[in-house]
Amino acid sequence: MKKGNIPKMATQPGKPAIHKKAAAPKKPETPTSVSRKGNRYFIVAFFLFAVILYGNTILNKFAVDDNYVTNNQQVQKGFKAIPEIFQTRYVNQQGNLGSTSADYRPIPKATFAIEYQLWGNKPGRSHAVNILFYWALSVLLFFILKRLFKNYNILFPFLITLLFMAHPVHTEVVASLKNRDEMLAFLCGLGSLWFILDYAEQRKTRFVLYAAVIFFIGYFCKTSILPFLLLYPLVIWFFTDIPLKKITPVLFVVFVVVLVAQFIPHLFLPPVHRTTYFIENPLYFEKNLWIRLGTGLVSLIFYLRLLVYPYPLLYYYGFNMIPVTSLANIWALLSLLIHGGLFVYAILKFREKNVISFAILWYLIAVAMYSNFIFPVVGIVGERFIFNASLGFCIAIVFFIFKLFKTDPKSLTIEMDSRLKILAVLILLLIPYTVLSVSRNRDWRNLFDLYYNDIKSLNKSAKANVDYAGFLMNTVYQDPNFLRTGHVNQFKYVTIINHYRQALKLYPNN
C-alpha cells in the first residue's frame, strides 16, 4: 500500500485504535426550561417599558415634601442617620404656623439615607432607584397574576401588567421621590401575598412566617398596605380551593403583626402632633354624617373619572377642588348609583368566582381607605391614593377587551386574527398612556416647574395657591431677580399677591 493511501483510522503497531467520541444528543427542552426562558423575556420587557415610561425622571430634582423626607439634615448624615430614623417620626417639621410630628415610615426614609451615603446629593440617581422599584413591583405583580390566572392565556396577565405600568395616574408615585413609600408598601403587600399563596398550595408553616415578616416591613413603609388584610381572603376565595377557615390562622397572624407594628413605635416615639387645616380637608371639622357621605361619594366618582380619563394630573387638590356637599348633590347621587351598581353586580357574581366581580371588589376595597368615609384624607383626594386600586381597573379593562372580540382569556391558543385585534386595542391605550406619563414626568422636574404647570388647573384650590405664592415669596427673598421679566414675561411681583388673594377669595378665614 502506498504511503499516501494509509487509512486515517490506522494506528501504529502496539497502540490501541483511537475512536472519535460521538456527539452527545442534544437534550430536548423541558416545559420548565422553556418557561424560565420565557420568564426572562418578560422580565426584560418590563424593565425596558419601565425605562421608557420613567427614564426621563432621572433628569429631575427634588419636588413636593422632599425637604421634609428625602432631602433634609437627618438623611444627609448617611448611614449614621439610620438608627435615628428608626427612633423618630417620618415628618418632623418646624414652621411659623406650628410644628408637625407625624407618621412612622422609617424604611423608605432609611433608603434615602443609604443613597446619600453612596452618592451624595444626587437626586437623579434616587429617581433611577425609584424606576428599579417600579420595575420590581411590576415583575412581581406579573408573576402573581400568572399564578392567579394559571389556567388563562399568558397574554392576559401580561397585558394587565403593561396597562398597570403605563397608567398615568402612577406618575405621582414614581416621579416623586417622597412617594417611594407608596411603592414599597405595595411591593411588600404583593410579597406577602406570594407567600400566602405558597401556604395555600403547600400548607407549610414557614410561608406564614415569611408573609408576616414582609407585611411587618410593609407597614413600616406606609399604612396604605392595610387594604391587603381584606384583599388576601378575597384572592384566596377566587383563586384557590383552600377553605377560608384553613387560611384564617394566617390572616390572624398578619393581623396580629399589624397590631404589634402599630404598638411598638408608641413605646419610644413622641405623640403625633399634626395641625389640621380647613383648606386641606374641611371634613376635619365636619360632623354631619350626610355631608361626609356626600363628599365621600363625590371623591369616589373623582377617582373613577381619573382612572378612565387621567387628565389633568395635579400634585394637590384640597378645598375647594372637591366640593364638600351632601347626598343631594347630583355627582354624589350619580356616584352612589354607579358604585352601588358595581357592588351589587360583584356580590351577585361572587359565588361564580367571576373575574369582573374580583376586579370590582379589589378596586372598592383598595379605594375605601381614601374615600373620606372612614376618616378625612389630606387633600380630600390624591392620585397616589388609587395606586393599589388601579389594578382592579386594569384587570377589568383587559378582560372586557378580550370579550369585545369574543375571545376567551382562558383559551391557551388564540387565533392570530383575535390576538392582533386585542393587541391593537391595548396599543391604542398604551400609546396615549405612555405619552401622558412621560409628559407628566417633566412637570415633576423641580418644585417651581410643578407649581407653575399645575397652578393653571388649580384655581379652585386654596392650598395650592398658598403653596405657589409662598414658594415664590421665599424664592424672591433669596434671589430678588428671580421674577425678572426676562425669565417668564407674566412673572412679576404682583403674581405673589394675586395668588394670595385667590386663596383668600376661596377661603376668607385663612
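Y451 is buried, with a relative accessibility of 9%. In this predicted model, Y468 likewise falls in the buried class, at 2% relative accessibility. Both values lie below the limit for burial, which is set at under 20% relative accessible area. Y451 and Y468 form an edge-to-face aromatic pair, with 6.3 Å between the ring centres and 70° between the planes. Y451 belongs to helix α17 (residues 447-454) and Y468 to helix α18 (residues 462-478), so the contact ties together parts that are 17 residues apart in sequence.

Across the whole structure, 48 aromatic pairs were found. One of them joins Y104 and F268, again in an edge-to-face arrangement, with a centre-to-centre distance of 6.2 Å and an angle of 75° between the planes. Y104 is located in the loop between β2 (98-102) and α4 (106-119), whereas F268 is located in the loop between α11 (244-263) and α12 (289-308); the pair therefore ties together parts that are 164 residues apart in sequence. Y104 is buried, its relative accessible area being 13%. F268, by contrast, is classed as partly exposed, at 39% relative accessibility, because that class covers values between the 20% limit for buried and the 50% limit for exposed residues.

Contacts between lysine residues and aromatic rings were also identified. K353 is placed over the face of W237, at 4.9 Å from the ring centre. In a further case, the ring of Y452 has the charged end of K456 over it, 4.8 Å from the ring centre.

Notes: Residues are numbered from 1 along each chain as its sequence is written. This is a predicted model: local features need pLDDT of at least 70, side-chain atom pairs count only at pLDDT 80 or more; totals for chains, interfaces and linings use all residues. Side-chain values use heavy atoms; hydrogens and water are left out. Rings of Phe, Tyr and Trp (its six-membered ring) pair if their centres lie within 6.5 Å; planes under 30 degrees apart count as stacked, over 60 as edge-to-face and the rest as tilted. Helices (H or I, at least four residues) and strands (E, at least two) are DSSP runs, numbered from the N terminus. Buried means under 20% relative accessible area, exposed over 50%, partly exposed in between (1.4 Å probe, protein chains only). A charge sits over a ring if NZ of Lys or CZ of Arg is within 6 Å of the ring centre and within 35 degrees of the ring normal.
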